[in-house]
Amino acid sequence: MKSATVRELKTELSYRSQQELVDVCLHLSRFKKENKELLSYLLFESSNEEGYIESVKNEVDEQFKMINTTSYHYIKKSIRKILRVVKKYIRYSKNKETEVELLLYFCKKLKGFNPYIKNNTVLQNIFNREIIAIKKKITILHEDLQYDYEVELQSMTL
């Protein structure tokens, strides 16, 4: 089955009644956990972006606490998983400030992680790659925010 384009979906959805749209959303939420999470964000958390950022930060904290530190192999797998989750939450938001804030928080947690990430090339590369991505994202933001995030980024990379 070939999926329809966004334009075709938008046109078709404009012809549907409100009850049909509710049914479509509920039906969509039954199939994938990610769909349900996105609907939850759009309905409940998109109006309070600060609360959303805090809840994601709390989840990142919990995941960092649960990392198995017996070998670097397990650490790398866990760090990659945490980064995937952070990027998934960033996709839900579509807000550039939220993206920079969450990536900075991830990098700060990674830098402060024990055992130290400098001892492992893969973890250091993940950190460096995210720092480069943050620098690119910062250039898009408002000048005041750029300065604030640049200061925070500089303190982290020293």
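**A buried glutamate, a core and a surface patch**

Lys87 is partly exposed, because its relative accessibility is 36% (buried means under 20% relative accessible area, exposed over 50%, partly exposed in between; 1.4 Å probe, protein chains only). This is a predicted model, in which local features need pLDDT of at least 70, side-chain atom pairs count only at pLDDT 80 or more, and totals for chains, interfaces and linings use all residues. Residues are numbered from 1 along each chain as its sequence is written, and side-chain values use heavy atoms, with hydrogens and water left out.

Lys87 has a charged partner. Lys87 and Glu130 form a salt bridge, with 3.2 Å between the closest N and O atoms (a side-chain nitrogen of Lys or Arg within 4 Å of a carboxyl oxygen of Asp or Glu). Lys87 sits in helix H5 and Glu130 in helix H7, so this pair ties together parts 43 residues apart in sequence (helices are DSSP runs of H or I, at least four residues, numbered from the N terminus). Helix H7 spans residues 121-138.

Is Glu130 buried or exposed? Glu130 is buried, because its relative accessible area is 2%. Its surroundings can be listed. Not counting residues up to four places away in sequence, Glu130 touches Leu83, Lys87, Leu103, Phe106 and Cys107 (contact means heavy atoms within 4.5 Å).

The largest nonpolar core has 36 residues (buried Ala, Val, Leu, Ile, Met, Phe, Trp, Tyr and Cys joined through side-chain atoms within 4.5 Å). Phe64, Ile79, Phe106, Leu110 and Ile134 have the most contacts inside this core. Helices H4 (49-65), H5 (72-93), H6 (96-111), H7 and H8 (143-157) each give two or more residues to it. H5 gives the most, with 9 residues.

Take Ile134. Beyond its neighbours within four places in sequence, Ile134 contacts Val100, Leu103, Leu104, Cys107 and Leu153.

Ile75 is in helix H5. Ile75 counts as buried because its relative accessible area is 1%. With neighbours within four places left aside, Ile75 contacts Ile67, Asn68, Thr69, Phe113, Pro115 and Leu123. Arg7 lies elsewhere: 43 Å separates the C-alpha atoms of Ile75 and Arg7, which are 68 residues apart along the chain.

Now to the surface. Leu9, Leu13, Leu21 and Val24 form a nonpolar patch with about 290 Å² of accessible area together. Helix H1 (6-14) and helix H2 (18-29) each give two or more residues to the patch. Val24 belongs to H2. With a relative accessible area of 36%, Val24 is partly exposed. Patch residues have over 30% relative accessible area and no salt bridge, with nonpolar side chains (Val, Leu, Ile, Met, Phe, Trp, Tyr) joined within 5 Å and like charges within 9 Å. Areas come from the Shrake-Rupley method with a 1.4 Å probe; for residues, only the protein chains shown count as cover.

Back to charges. Side chains of opposite charge can pair when their charged atoms come close. How many salt bridges does the structure hold? There are 10. One joins Lys65 and Glu62, at 3.8 Å from N to O. The two are 3 residues apart in helix H4, so about one helical turn separates them. Lys65 is exposed at 64%, and Glu62 is partly exposed at 43%. Another joins Lys96 and Glu99, with closest N and O atoms 3.6 Å apart. This pair is also 3 residues apart, in helix H6, so about one helical turn lies between them. Lys96 is partly exposed at 37%, whereas Glu99 is buried at 11%. Finally, Lys33, Glu37 and Lys88 are linked in a salt-bridge network.
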